[in-house]
Amino acid sequence: MSDRYDAIVIGAGQGGGPLAGKIAKAGKHVALIERQHAGGTCVNEGCTPTKTMIASARAAHLARRAPDYGVHSGDGEVRVDLGRVRQRKRAMVQSFRQGSESSLRKIDNLDLLMGTGRFTAPHDIHVDLKGGGTRALTAPTVILDVGTRPVIPPIDGLDTVPYHTNASLMELSEVPDQLLVLGGGYVGVEFAQMFRRFGSRVTLLQRGSQLLPREDPDVAETLTDILRDEGIDVRLNANADAVEAMGNGLRLNATVDGERQSFDGSHLLVAAGRRPNTGDLGLEHAGIDPTPRGFVPVDDRLRTRVSGIYALGDVTGGPAFTHTSYDDHRILASDLLGDGGHRGTRERILAYTVYTDPQLGRVGLTEHEARDAGLDVQVATLPMSSVARALETDETRGLLKAVVDATTGQLLGAAALGPEGGELAAALQIAMLGNLSYTTLRDAPIAHPTYAESLNNLFAKL
């Protein structure tokens, strides 16, 4: 016999947890199944721990730069206690994790089950409980928020060396001597800079011709110059061929621009992308055909092809950001709880931030996306070295870039690679949500001297 619920949510991430709570508060009986920790990747392995450690790395960077501001102390040597950094990170994660789980357990009509769930039929779920035992559940509504995990590429010898993912690298108690970073996406660039600032020698190998492949080349090139300026050895067009143990470290053999090269390191971070946690979900029993990469296909209302089964967050193959997952829960809550809303994923304007230093804030379309779509655009760029606030704080690396519809004057997208670039992107996102023209931003009396004031000068370029 199966325990009957009104809804079953598999995964207590940043979409599944809040959605289960809202459904339960609406008076429906909900089972929320979580394999490991409440809060999902963001709280446990992503945003919270990473950005906490990045703050420590920035403190070390600023300490080294203190003489640039006329500040001197002690012998001038900066030492990083990675064990203390880790302790601070762990405390932050534990606080956020416990807060998430405690909030869920206090909700009436919600049963939080720690274990692994899988389909046995379209609306039937078998749960292997973490503490032992099993449960059989059934519900007319099943929602998937199972997230993703790191991709481990098929490189010869990789399984013979102690490589790291982002999660395990953050558990080190001592700073690596020589860190090899395999992958130049968002995770790769953040960790490369962070550990360089902790004191590691860092080599970053990127398979493609630029870092951050989704960004415009000029933005990616500017960030590459920033990383190289900090002493990171960035190698583009680098294909990893094989890995082998070497003494207390390892050697990575790669083909770089067509030439065989070897790179020695004490530690290896594999940051080659992520894949969905759908392999043991029993999708075949639900009648769901995943994509070739294992993602769950959904429409713009997050519905699968099977009636009553939905998916949200990273497992759908859409933009893999915490705020996207959280917004997915709003869309499904509106649909499932019948408040008359008709929100979908197509109309939303997304922003995100890469937490390098300076930050890369991005909203809307890139220039190449806009041109590929056949849009008639104008493009404005402004180096951060022309921003008064950046000059005053001596943080002049980076650039601002905006893409505008040449006919309507509407902002289509922007990149803010500079101090507080994420905050600038959020300001531009709000302008886009309000359908403001670029002339409104150009002529607005923004407070001086702020970073946001640079929008006046940026749009004056058009």
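Modeller: Strand E19 (residues 359-364) is mostly covered, with five of its six residues buried. Buried stands for under 20% relative accessible area, exposed for over 50% and partly exposed for what lies in between, computed with a 1.4 Å probe on protein chains only. Strands (E, at least two residues) and helices (H or I, at least four) are DSSP runs, numbered from the N terminus. This is a predicted model, in which local features need pLDDT of at least 70 and side-chain atom pairs count only at pLDDT 80 or more, whereas totals for chains, interfaces and linings use all residues. Residues are numbered from 1 along each chain as its sequence is written, and side-chain values use heavy atoms, with hydrogens and water left out.

Strand E19 has antiparallel partners, and two strands are said to pair if DSSP finds at least two bridges between them. Strand E18 (residues 351-354) is joined to E19 by four bridges, and the two run antiparallel; a hairpin of four residues leads from E18 to E19. Within E19, Arg 362 is the bridge partner of Tyr 352. Strand E22 (residues 411-418) also runs antiparallel to E19, joined by six bridges, and here Gly 361 stands opposite Ala 416. As background, strands of a sheet pair through backbone hydrogen bonds, either parallel or antiparallel.

Rings of Phe, Tyr and Trp (its six-membered ring) pair if their centres lie within 6.5 Å; planes under 30 degrees apart count as stacked, over 60 as edge-to-face and the rest as tilted. The structure holds five aromatic pairs. One of them is formed by Phe 191 and Phe 195, which are stacked at 6.4 Å centre to centre with 15° between the planes. Both of these residues lie in helix H6 (residues 186-198), four residues apart, or about one turn of the helix, and both are buried. Another pair, Tyr 438 with Phe 459, is tilted, at 6.2 Å centre to centre and 35° between the planes. Tyr 438 belongs to helix H13 (residues 438-443) and Phe 459 to helix H14 (residues 454-459), so this pair ties together parts that are 21 residues apart in sequence. Tyr 438 counts as buried at 13% relative accessibility, and Phe 459 is buried too, with a relative accessible area of 0%.

Contact means heavy atoms within 4.5 Å.

Elsewhere, helix H1 (residues 16-25) is also mostly covered, with seven of its ten residues buried, among them Leu 19, Ile 23 and Ala 24. The elements that cover these buried residues include strand E3 (30-34), helix H4 (82-105) and helix H9 (322-336). Just after H1, Gly 27 takes a positive phi of about 95°.

Finally, a search of the whole structure finds zero disulfides, a disulfide being a pair of cysteine sulfur atoms within 2.5 Å. The sulfur of Cys 42 is 3.1 Å from the closest cysteine sulfur, that of Cys 47, which is too far for a bond. Cys 42 is buried, with a relative accessible area of 13%, whereas Cys 47 counts as partly exposed at 30% relative accessibility.
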